[in-house]
Amino acid sequence: MEILKGKKILLGVSGGIAAFKACELLRLLVKSEALVRVVMTRSATKFVTPLTFSSLGAELVTADMWDVGRDSLDHVKWAEWADMFVVAPATANIIAKMATGIADEVLSTQLLAFSGPILLAPAMNVNMWNNYATQRNIAELNRNGVHFVGPTRGHLANLTIAEGRMNEPQNILGRICGILANRSDLTGVRILVTAGPTIEPLDPVRFISNRSSGKMGYAIARAARERGADVTLISGPVSISTPPEVKLIEIETAFQMKKAVSDSFKSVDAVIMAAAVADFKPKTYVRQKIKKGEKGLSLALVKNPDILEELASKKGKKIMVGFALETENLETFARKKMREKKLDMIIANDPTRKGAEFGSDFNKVIIFRKSKKALDLPLMPKNELAHKILDELVLLLKRRR
Ligand SMILES: Cc1cc2nc3c(=O)[nH]c(=O)nc-3n(C[C@H](O)[C@H](O)[C@H](O)COP(=O)(O)O)c2cc1C
């Protein structure tokens with residue numbers, strides 16, 4: 001694998017029975033001419049010895065934070081050295097430490113000090129995997145751009161068949177290559193991403209809105225920046241932190257969204273509209289809080305501007321990507337929207353499907369592209385899906401050039 005040649009990889013190994021598979025992963029990395037240093041937890045050394053990794057071609061191996069002074073190891077030096085950090089296997093324990101920022105031994109400390117891409121290959125007993133604490137920790141790491149591979153369903157250590165088995169070294173290697181390759185393919189591309197809901201005020205204290213969390217749009221903005229794009233993110237009110245090095249423009253209403261999009265539109269190469277812009281707004285805004293009164297209240301609503309439709313006429317050579325959220329006839333409605341709004345690609349999802357509900361860190365979508373087969377993707381974390389969407393965008397940009 002050409003991409004791995006000369007790449008500096010930290011291979012973290014934590015204390016699970018799958019630690020023996022880390023040896024095979026190291027062998028594959030070394031065969032591809034990557035430079036690998038291995039960081040082990042104390043528990044990992046109960047399963048495999050540091051000597052095994054040195055013998056298989058690791059440049060350096062440590063399992064001790066107090067190894068200071070040897071081979072330029074101090075508590076952060078290796079983290080500064082590496083291009084990528086892979087933890088395989090990742091125990092429930094190391095995942096929990098990462099999610100909470102604990103740095104109490106050499107692996108968790110180096111992970112906390114590392115600012116590049118991190119890939120985790122979890123492996124554990126099925127009940128540990130399904131435990132709410134593990135799932136909460138994974139969701140937290142996902143939100144912060146940590147990549148995951150697996151686990152898969154298969155024979156666990158106690159010979160039961162269940163989810164929790166570490167993914168195969170060959171697949172982990174594939175993900176490492178994917179992540180490293182993706183790091184620069186959008187360099188110089190200017191991308192506008194919209195995210196979150198809009199809110200349409202009724203009076204000074206009330207509004208109508210929708211249940212969009214903004215997670216998908218933020219994941220796309222983060223992933224696009226990671227791949228080198230110059231990203232502007234126009235966002236409705238959400239409670240997610242802004243991805244690093246992304247220009248954030250905050251808006252509340254559909255009208256503000258329209259203005260912000262029009263202002264930025266001219267100077268970008270691609271637009272990804274992941275925001276859930278309210279279709280309607282109250283006909284009148286009441287300046288004082290509406291009193292409860294004796295009777296009910298009827299609201300008159302008027303249509304908001306259709307931002308995509310207005311952009312379609314000024315599209316030129318820009319790539320336009322839209323989202324379609326439907327609870328029925330997904331394909332028919334999505335393809336119709338793609339045609340009418342002159343989109344190059346549309347990502348359709350149904351929030352009533354299990355696992356892809358509003359606010360979830362996962363999504364299950366079908367990507368429709370002009371004159372190409374639909375891409376029906378499995379349920380996956382939103383940050384992984386963001387990269388899949390960007391892979392398609394890269395192809396569209398190449399074709400346009
Ligand atoms: C035989 C054995 C196998 C284990 N396998 C796993 C495993 O696959 N995944 C896991 O999360 N923990 C597993 N554990 C528990 C961890 O070793 C334990 O939680 C430990 O504290 C993890 O430490 P570390 O994350 O610092 O490596 C296993 C323990 C034993 C004794």
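In the predicted model, an oxygen atom of the ligand lies 3.0 Å from an N or O atom in the side chain of asparagine 93. The protein buries 63% of the 640 Å² that the ligand exposes when taken alone. Serine 43 also takes part through its side chain, where an N or O atom is 3.1 Å from an oxygen atom of the ligand. At alanine 92, the backbone is involved: a polar atom there is 2.9 Å from an oxygen atom of the ligand.

The shell around the ligand consists of 14 residues, of which Gly15, Thr41, Thr91, Ala92 and Ala123 come nearest. Helix 5, which covers residues 92-100, supplies the largest share of this shell, with three residues. Sorted by class, the shell has seven nonpolar and seven polar residues, and no charged residues.

A separate feature concerns the protein surface. Here Phe280, Leu297, Leu299 and Leu301 form a nonpolar patch, and their accessible area together is about 390 Å². One of these residues, leucine 297, is found in the loop that runs between strand 15 (280-282) and strand 16 (301-303). Leucine 297 has a relative accessible area of 59%. Because a residue counts as exposed when this value is over 50%, leucine 297 is classed as exposed.

Conventions. Residues numbered from 1 in each chain as written. Predicted model: local features only at pLDDT ≥ 70, side-chain atom pairs only at ≥ 80, totals over all residues. Heavy atoms only, no water. Patch = residues over 30% accessible without salt bridge, like charges linked within 9 Å, V, L, I, M, F, W, Y side chains within 5 Å. Areas by Shrake-Rupley, 256 points an atom, 1.4 Å probe, with all protein chains shown as cover. Salt bridge = Lys/Arg side-chain N within 4 Å of Asp/Glu carboxyl O. Helix = DSSP H or I, 4+ residues; strand = E, 2+ residues; numbered from the N terminus. Buried < 20%, exposed > 50% of the residue type's maximum accessible area, 1.4 Å probe, protein only. Near = heavy atom within 4 Å. Polar contact = N/O pair within 3.5 Å; in protein donor to acceptor, adjacent residues only side chain to side chain. Nonpolar A, V, L, I, M, F, W, Y, C, P; charged D, E, K, R; others polar.
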